[in-house]
Amino acid sequence: ENNMEDNKKEQPTGGVCMKRQLTLTNGVATIVSLVIGSGIFLSPKGVLRSTGSVGLSLIVWSLSGVMSMLGALCYVELGNTIPKSGGTYTYLLEFFGPWVAFVRIWQNFIIGGPGSTAVLGTTIATYVLYPFFAPCPAPYLA
């Protein structure tokens, strides 16, 4: 009940505003969709090829899942410690100052975001074209 009273105190008195609430289910769904949505399609062949066995590749995948979970738990702790909107930018601004926060956000907009979108687009195109060229790989320029 104290949480509800705190939320009422934080909301402005006039106008429409959103309720500040993110459940465990929302958080888990977001993390799972980010991890499964990209990595699962890109790296299974490479992991299996590099490890040489199915058992060792499953161990690598499990350890990677644990590392991903630890990273998510760190973000949860940061979110509880610094209850401001802005995500990574806000955390870097609080801990390292405006220059580091700006460089990180600039890198994300100029390099990280477009690069990630390009990799996902290439992956989707490869999987969409695969049935049309099977059993051969799709041409590079297709």
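A search of the whole structure, which is a predicted model, finds 0 disulfides. A disulfide is a covalent bond between the sulfur atoms of two cysteines. The cysteines C74 and C136 are both partly exposed, with relative accessibilities of 49% for C74 and 47% for C136. The structure does hold 1 salt bridge, and the secondary structure of the protein consists of 6 helices and 0 strands.

**Cysteines**
- C74 has a relative accessibility of 49% and therefore counts as partly exposed, a class that lies between the cut-offs of 20% and 50%.
- C136, at 47% relative accessibility, is likewise assigned to the partly exposed class.

**Salt bridge**
- The salt bridge is formed by K84 and E94, whose closest N and O atoms are 2.7 Å apart.
- K84 lies in the loop between α4 (54-81) and α5 (88-96), while E94 belongs to helix α5, so the pair ties together parts that are 10 residues apart in sequence.
- E94 is partly exposed, its relative accessible area being 42%.

**Peptide geometry**
- The bond between A134 and P135 is a cis peptide bond, with omega at about 5°.
- In general, most peptide bonds are trans.
- P135 is located in the segment after α6 (98-133).

**Overall architecture**
- Read from the N terminus, the elements of the protein follow the order α-α-α-α-α-α.
- Of the contacts in the protein with a separation of 6 or more, 18% are made by residues 24 or more positions apart.

**Burial and surface**
- The protein has 142 residues, and buried residues make up 6% of them.

**Confidence of the prediction**
- The mean pLDDT of the protein is 80, and a value of 70 or more is reached by 84% of its residues.
- Confidence is lowest in helix α1 (residues 2-10), where the mean is 50.

How values were computed:
Residues are numbered from 1 along each chain as its sequence is written. This is a predicted model: local features need pLDDT of at least 70, side-chain atom pairs count only at pLDDT 80 or more; totals for chains, interfaces and linings use all residues. Side-chain values use heavy atoms; hydrogens and water are left out. A salt bridge is a side-chain nitrogen of Lys or Arg within 4 Å of a carboxyl oxygen of Asp or Glu. Helices (H or I, at least four residues) and strands (E, at least two) are DSSP runs, numbered from the N terminus. Buried means under 20% relative accessible area, exposed over 50%, partly exposed in between (1.4 Å probe, protein chains only). A disulfide is a pair of cysteine sulfur atoms within 2.5 Å. Contact means heavy atoms within 4.5 Å. pLDDT is the predictor's confidence in each residue, from 0 to 100.
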